[in-house]
Structure formats: C-alpha cells, structure tokens
Amino acid sequence: MIVPAGYAWRQAAHDCVIGAIIALVSIPISMGYALVAGLPVVCGLYGSLLPIAVFAFCTTSPRFVFGVDAAPAVLVGGMLLALGIEPESADAVRAVPCIALCVSAWLFLFFILKADRILNFISRPVMGGFITGIGVTIICMQVPKLFGGRAGSGEILELLRHIWLEAHCVCNLPSLASGLATVTIILLCRRFFPRFPVQPVLMFFGAGIVFLAGSDTVSALGIQTLPAVGRGLPPFSLPDVSFLFQRGPETMLPEIVLPAATIALVILSETLLAESNIGSKYDDAIDTRREVLSYAFGNLAAAVSGSCPVNGSVSRTGIADQYGVKSQLMSLSAAVCMLCILLFGTGFISYLPVPVLTGIVISALIGTFEFSLAHRLRAVDKTEFVIFYGAFFSVLLFGTIYGVVVGIILSACTFIIRQTRPATDFLGIVPGMKGFYSLTRRGSQARAIQGAVIYRFSGPLFYANISQFCDDILRAIKPDTRAVIVDASGITSVDAPAAERLLLICSKLRARQVLFYLAGHVSAVNDQLRAYGSESLIYEKVVRPRIPLALSAAGFVEPYQAENAEEALGSYYSEQLAEFDWAFGTDSERLKTEIAQSLAESILQRGDFDAELVRREALKLAKGWWNDADEDDFLDVLEMQILSLHEKDAVPSEKGRVALAIEEKINLRHALLEEKLLTKSRDVMKTLVQRRHRRTKRLKDTHPAIYEHFELLNERYFTEIAMEHPELAKQLADLIADAEKE
C-alpha cells in the first residue's frame, strides 16, 4: 500500500522530499550495519534499495521505514563468527545472502502459521530489555573502531576485554576525538534540533575534510577511511545455496537454517511491535498478518540483492514521523535516491572516515536504548523491572540468540505470574450512592457492609491461584460476618481443582454459619462448574447473576448498614475528596507545590487574589483533576508559597502589605469552601485537616520563620470565623484536636 485511503496528494511532494532525507540518513547507518554483519559496506547500500521498495508495495503501514538495521546485523555477525567465516571475505559475501534467504523462508512459514500472534506473548519489558541489550552489545563491538582498532566479537565480557587490549595496543587520539565529536554532535542535535538530519551532514563533512586534506595526510594521522566502492547495481540473483554444502565434510545447513529462525523471530517481534506502536499513535489500520508477508518479501529482496537480513528501523521511522510523513511514497523516493547514489555517487565512500561512520552507528544505537522504560517500570511494577533487566543481561552475557530464548521464557513467566497473582480487592458501599466501591483504593470513603464480606477477584480461577482465593476470603471473615460474596465479574473460567475447592470453601463457611455466593460471572463459568462436578453450587443457588441479588438472598436489605457508620456520607463521596490526589498519587504533593509556585508569583505580581481566576488557572494546570476539596487543600500550599516569596523579598514593606491583603482573601475563600465541605461530609474535612496538620509540622522543621507566620495567620483566621461562623469554627477545632491526637 503506497498511499492510504483518503490520502491528500498535495502531501506527495513533501513525502518524497523526506524520502530523500531518509536515504541520506540510511547511507552511514546501512554501511555501518553492513560492517557489523560482516559484509563490505556497499552491501548495506544494496539493502537500502530493493528491500525497502518491495516493502513499500506490501506493507499496510503508511509511515514505517524498513531496511538494514541493528538486530539482524549483529545476529548475522554472530553467526559468521560461529561458522568461522572471516568478515568481509568472499565466503561472507556468499554466506550472508543465503542467511537472508533462510530468514525469508522462515518468515513465509510464520505467515502461513499466523505467527503474528506472537506479539501477544512477548511483553514490552522483555522486548525493551532485549533491544537495549543488543544495542549495548553492538556499541561494545564498535568502540575499538573509534580509536583505530578492530571491531570486537562475542559477549560482553569478551568485548570489554577486547576493548581494553585494543586500547593499550592501538589508541589513536585524532581518530578517537573525531569519533567522540561525531557522537556528541548527533546527541546534542537530537536533543535540541530533532528535525535536523545531522547524520548525512556529518558524513559529507567528514568526507569533505578527507578530500581536501588528502587521504595520505589523514592516514598519517592514524584515521582510517573506508575502502573504495565501485559504481553499479546489486547482483540481483538468487544466493548460491550450494555454498552451504561445500565447506568441509559436514554440511553447514543446520548451522544456518536454525539460527536463521531466531533472526526471523527477532525481525517479526521487534518490527511488529514498533510498527504497532507507530500505528496506534495515528490510528493506522495495520494488518499484522500481512505485515509478516511484507517482511518475508523484503528479506527475499535482500537475499537477491546480496544484502544481510532487513527489518524495521525504529530510528529512521522516528525521523519520518518527526517530519510528518503520511505515505510509503517516502520509501519509494528513498529507494530512487539510493539507486542514483549507487549509479553515480559511490566515489565519495572511500573518503569516509571510519571513526565518523562508527560514531553515527553508535549514536543511532543509543537512540534505541529503552532505559527510560525500565525507570518507569521500577516506579510502578517491580516484577516487570526485573524482567526488563533479565532480558537485557541475558543478551549481554549469553548472546542474542540465547537472549531471544530467555526473553520468550521471561514473557511466559510474566504471563504466569499475572495469572497466579491477579488483582484482588474488597468492596463496600458509600451511603447515598449506588454500587459497590473499593475499600482500599486511594481516596476511597467506602465502608464495608455490616456482616458481609464482598471480595473481588479479577482473573481466571485455576489450580495456581485458588489457594490465594480461599486464603483471602478466610482471613477477611470477622465474628459478625454472615455472608461472603465474591464479585466474580472478572472470573472468566474455572478449572477442575478450582471447582472442587469452591465446593470445599462453601461447605467450610457453612459450618461456620457463613453463607457463600459467587455473583456476576459469565454464564460459561456455570457450564464449567457443572462439567467439573460442582453443579450443586448451581442447584443450591450459590451462584447469582448480580451482587445485590446475593445480598438479598443472604438477608441484607437496602439501604445496607455500613460498618462504623456514625453518619451518612451523602452523595458527596470521594468525587469531591481530592480528585487530584486520586489521579496523581504520590506525585500529587509535588505537583501541587509546582502549581502553587507558578500561581504565587503571578498573584504577587498582580497584587490581588481573585479566587475564581486562581481556580480556573489551577484547574487548567491540574489537567481538569480539581474540585472543592482539592482547592481547599491547595490554598494551604499556596499560602506557604506566598509567605516564602514574601520572606525572600529584600524590601518586604510594600509586598508585605500586599501579601497580607492576599492572605485575608485566601482565608475568606477557605471559610467558604470549608463550610461547604462540612455540610457535605465531615470525613472529607477531617482528611484535609489531618493533611494540613502534617504539612505544618514539616514546615516547622524546614522553615521555622514561615511556620511562625503561617501559625499567626491561622490564629487570625480562627478568630475571624469564630465571630462570623461559630459552628464552623467549633467543628474545625474538634477536627484539629483529633488530628493532633493522632
């Protein structure tokens, strides 16, 4: 699919221009990865001609870039090493297209087997760790070339040893300086000028310096250049597969075909994942099965062209995305540009400095790192954080092929862990509101129903998690519990051991005079209970369509009585209890402080406090997560920031008077909000008072001068509301006393 449906043809010229930029960026990257794969540099250019044109006609993605890239290149380089084939030799030139042909055959087989579904079983942390590990491995291979040495091979320990030895034997400072400068410039441009195609600029700049200074002068400085490449098209012929049967007494076929399956698997998973990511960003209709076929045809084109296997390029796709590409005219344009270079422009290749080319490759690989993903995982999911680094270190220590195997095993482990430890919760009610709410959710004001345990289990119930299910229920039972109701809306299936244990826990609870119900599950679960011999649960009406029906069967009548219900909460509930805190969790205090800092400066500059204006600005900065409870809590933080700015002022007299007037208006707003909050829910106000108490205690330790001023303002505030709102003052005083006791 060259252009998507509804394509605006006025975009065509733009896409073709970006295709030319992609071709220029591909020159150094493709040549660098050709060297990684053990091929002459010109073979990298061959891989950027026919394969991407074929992909453009076959793909369903309008903006994805295909070509010579890191993962297949390093896998092929490792295969040549294992086979004892010298990189860039005649045997390498014959062997690598055969590898590409085998990879293509595997991809055709994957298409027949509908293997695109593998994407559902390789987790994002596994793929992130795998790709990052490959990137680090290739960088370590390439590092010696920065200072004039030979590229390394093997795993991380061998590579580090090779770098150390090469640095002691051959360390050319001009070469190292040019390579490091290349990496630095590219990274800085990526940070500050992301749309600027710096790689081809540096490539032509390096070649120009060599041309002007002379190759002999550059060589005398110890800076290597690439060998000359003749003009002309790729061979465009099927690989010589007889080569696989001609080396030694034993055929190399098993040593080629089986590792080629690993390369095909890497191409399939890495490219599908990246393509799905960019497709979801723009809501592109990606046909994943057809994409596998496009990868197969692309690698067949690579084999015919004499190139190494090819796959999707995340870095070049990122460039295309930055420039707003919307069709595969970009790929066709890039192929045409590469054709022109091969026919008329290969003469400049012999002027390319190796450290500059190496620096371009290293910077491209740095762009594939996903350590930021690991950082996010560490904050939210320790298991996936460990899985990320498990995949990462398996690639470093055992190689890319074993890394794929470990990655698949880790993905399976992730799936098993999630199934054996599904999300669970206990539910309660909020008087005055319909439905059942989590008792443990952040900011929740739900309360358990007196005499009932409502337990939510979100996952299939089977032999590996049924013990957790039973243990959670038994631990939750209290002396006054009359019924246990399982919210089974998340239970999609049960197996035979789970069905048997459900019978056991039902009878065990009955012996303790506690009723047991399953409610809200899909009807297929009832079919499974009957199939596994637990039909008595159905006949005895232990299963119920909905939780209210189970409660009714157990003798609970609406309105349900909440535990420790000293008062009805009304409908105010936790929609009004710090929505901002619920949305942003542990970051909420920091974000409120940042918002307060921003608004405090503008308030002092205006010299006035406009409550509605501040509310609108805060609502905008908080992305809509804001309400009366959030605002009342936020006013404390805002006051502290205004006091802090006032304290730092070198001439405080005028600003002091302004700040005092602002603080009086803030206190007036406090009074209005707190009166409103107390009429809705005492618990809401209690939470806010406790938070205010903790915040002022921290302020006392960190900023005693501001604390003293803040306390004076609080005293004045209470004096004023005691006169104008005596009932509000009394309730607040009680809440403050409770907070101090706690």
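A residue is taken here as buried when its relative accessible area is under 20% and as exposed when that area is over 50%, with partly exposed in between. By this criterion Phe392, with a relative accessible area of 6%, is buried, in what is a predicted model. Of the 742 residues of the protein chain, 52% count as buried. The secondary structure of the chain comprises 31 helices and 8 strands, and its C-alpha trace extends over about 95 × 85 × 55 Å along the principal axes.

The aromatic side chains were examined next. A pair of aromatic rings is described by the distance of the centres and the angle of the planes. In total, 23 aromatic pairs were counted. One of these pairs is formed by Phe371 and Phe392, whose rings are arranged edge-to-face, with 5.6 Å from centre to centre and 75 degrees between the planes. Phe371 belongs to helix H16 and Phe392 to helix H17 (residues 382–398), so that the contact ties together parts of the chain that are 21 residues apart in sequence. The two partners fall into separate accessibility classes, since Phe392 is buried at 6%, whereas Phe371, with a relative accessible area of 32%, is partly exposed. Both rings also take part in a cluster, in which ring pairs link Phe369, Phe371, Phe385, Phe388, Tyr389, Phe392 and Phe393. Another aromatic pair, that of Tyr455 and Phe457, is tilted, with its ring centres 6.3 Å apart and an angle of 50 degrees between the planes. In this case Tyr455 is buried, at 0% relative accessibility, and Phe457 is likewise buried, with a relative accessible area of 0%.

Aromatic rings are also approached by arginine side chains. The charged end of Arg63 is placed over the ring of Tyr282, at 4.1 Å from the ring centre, while Arg191 lies over the face of Phe192, with 5.2 Å to the centre of that ring.

An α-helix has 3.6 residues a turn, so residues three or four places apart point the same way.

The largest share, 7 residues, is supplied by H13. In terms of residue class, the lining is made up of 24 nonpolar, 10 polar and 9 charged residues.

Attention was then given to backbone geometry. Most residues other than glycine have a negative phi, and most peptide bonds are trans. Against this background, Phe236 has a positive phi, near 50 degrees; Phe236 is located in the loop between helix H10 (215–220) and H11 and is partly exposed, with a relative accessible area of 37%. A positive phi, near 60 degrees, is also found for Asp283, which lies in the loop between H11 and H12 and is exposed, with a relative accessible area of 70%. The peptide bond from Glu558 to Pro559 is cis, with omega near -5 degrees, and Pro559 is situated in the loop between helix H23 (547–553) and helix H24 (579–584).

Ala285, in the loop between H11 and helix H12 (288–305), is exposed at 70% relative accessibility; Ala285 and Ala729 are 444 residues apart in sequence and, from C-alpha to C-alpha, 61 Å apart in space. Val494 occupies the loop between strand S6 (483–487) and helix H20 (496–511) and is buried at 5% relative accessibility; between Val494 and Ser598 there are 104 residues of separation in sequence and 54 Å in space, C-alpha to C-alpha.

Technical notes
Residues numbered from 1 in each chain as written. Predicted model: local features only at pLDDT ≥ 70, side-chain atom pairs only at ≥ 80, totals over all residues. Heavy atoms only, no water. Helix = DSSP H or I, 4+ residues; strand = E, 2+ residues; numbered from the N terminus. Nonpolar A, V, L, I, M, F, W, Y, C, P; charged D, E, K, R; others polar. Phe/Tyr/Trp six-rings, centres within 6.5 Å; stacked < 30°, edge-to-face > 60°. Buried < 20%, exposed > 50% of the residue type's maximum accessible area, 1.4 Å probe, protein only. Lys NZ or Arg CZ within 6 Å of the ring centre and 35° of its normal.
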